Amino acid sequence: MRYLILSDIHANLEALEKCLELARGKYQKVLCLGDLVGYGPDPNAVVEMMRRTASVVIRGNHDKACCGMMNVDDFNPWARQATYWTREMLSPKHIAFLRQLAPGPCTMPGFEMVHGSVENEDQYIIEPAEAIPALRSQSVQLVFFGHTHLQGGFLLSRAGVFQKISGGSRASGHILTLDLEDGTRYLINPGSVGQPRDGNWRAAFAIFDETKRRIDFYRTEYDLATTQEKMSQARLPEPLIQRLEFGR
Ligand code: ZN
């Protein structure tokens, strides 16, 4: 089985379409690690497309916030404003869909899916201080996570060697192949489709070939100007519009 792993789409339809285009023919099933909506201008179209294409979707913090299951006190003012806008825009059936999304961890054959971490769906795993305990305590070899919008992840070898995985900050196309080794544990982030924050504005995703035990990371350019124009039309906050082109 080959899986297309998507995360943090954030209502960016142009980015999502380009990821699906570049991944075409390389996968059989689509999995999503959450944050379908929030920030971007196309919440309904993105939810619609994911409902059509994804086999498994777990919820992210923005999904919870945008369907009214979580308050936005912890969000910065721009994220808050985008959440209120998204709540207004979302159709009732898509709100109902977001409300019934399961929290992680979601157990799949030979791996797990989470939004933040196995312990806490809202936790950010960014530093070794967060990644090492998470790797030590995970009960499966491979966990896919999102939430940080940083493509790559971490590994802990059988001998206890910790390593960060990242794929070049300005790259496009196929970035990196990772062959899983027996006895090594992996925490893998496919990157963010709709709002990357690793200094590379290009939409990110990963393909997991379960039979070959291989993960391939990708980046693709998309029509950023159109997404930004839609955000301007919607009067979404300017800093959210600008950050897309800097990838942060
Ligand atoms: Zn997110």
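Reader: In the loop between which two strands does Arg170 lie?

Author: Arg170 belongs to the loop between strand 8 and strand 9 (173–179), where helices (H or I, at least four residues) and strands (E, at least two) are DSSP runs, numbered from the N terminus. This is a predicted model, in which local features need pLDDT of at least 70 and side-chain atom pairs count only at pLDDT 80 or more, while totals for chains, interfaces and linings use all residues. Residues are numbered from 1 along each chain as its sequence is written, and side-chain values use heavy atoms, with hydrogens and water left out.

Reader: Is Arg170 buried or exposed?

Author: Buried means under 20% relative accessible area, exposed over 50%, and partly exposed in between (1.4 Å probe, protein chains only). With a relative accessible area of 73%, Arg170 is exposed. Arg170 and Asn200 are 30 residues apart in sequence, yet their C-alpha atoms are 5.4 Å apart in space.

Reader: How many of the residues of strand 7 are buried?

Author: Five of the five residues of strand 7 (residues 152–156) are buried, so this strand is largely enclosed by the rest of the structure. Both of its faces are covered, with Gly152, Phe154 and Leu156 buried on one side and Gly153 and Leu155 buried on the other.

Reader: Which strands pair with strand 7, and in which sense?

Author: Two strands pair if DSSP finds at least two bridges between them. Strand 7 pairs with strand 10 (residues 185–189) in the antiparallel sense over five bridges, and in that pairing Leu156 stands opposite Arg185. Strand 7 also pairs with strand 8 (residues 162–165), again in the antiparallel sense, over four bridges, and here Leu155 stands opposite Gln163. The hairpin of strand 7 and strand 8 has five residues between the strands, and Gly160 in that hairpin takes a positive phi near 90°.

Reader: Which residues coordinate the zinc ion?

Author: Donors are N, O and S atoms within 2.8 Å of the metal (3.2 Å for Na, K and Ca), and water is not among the atoms, so sites may look incomplete. The zinc ion is coordinated at 2.1 to 2.3 Å by Asp8 and Asp35 through OD, and by His10 and His149 through NE2. Along the chain these donors follow the spacing D-x1-H-x24-D-x113-H.

Reader: Which residues does a cis peptide bond join?

Author: The cis peptide bond to inspect joins Gly104 and Pro105, with omega at about -5°. Pro105 has its place in the loop between helix 5 (92–99) and strand 4 (106–108).
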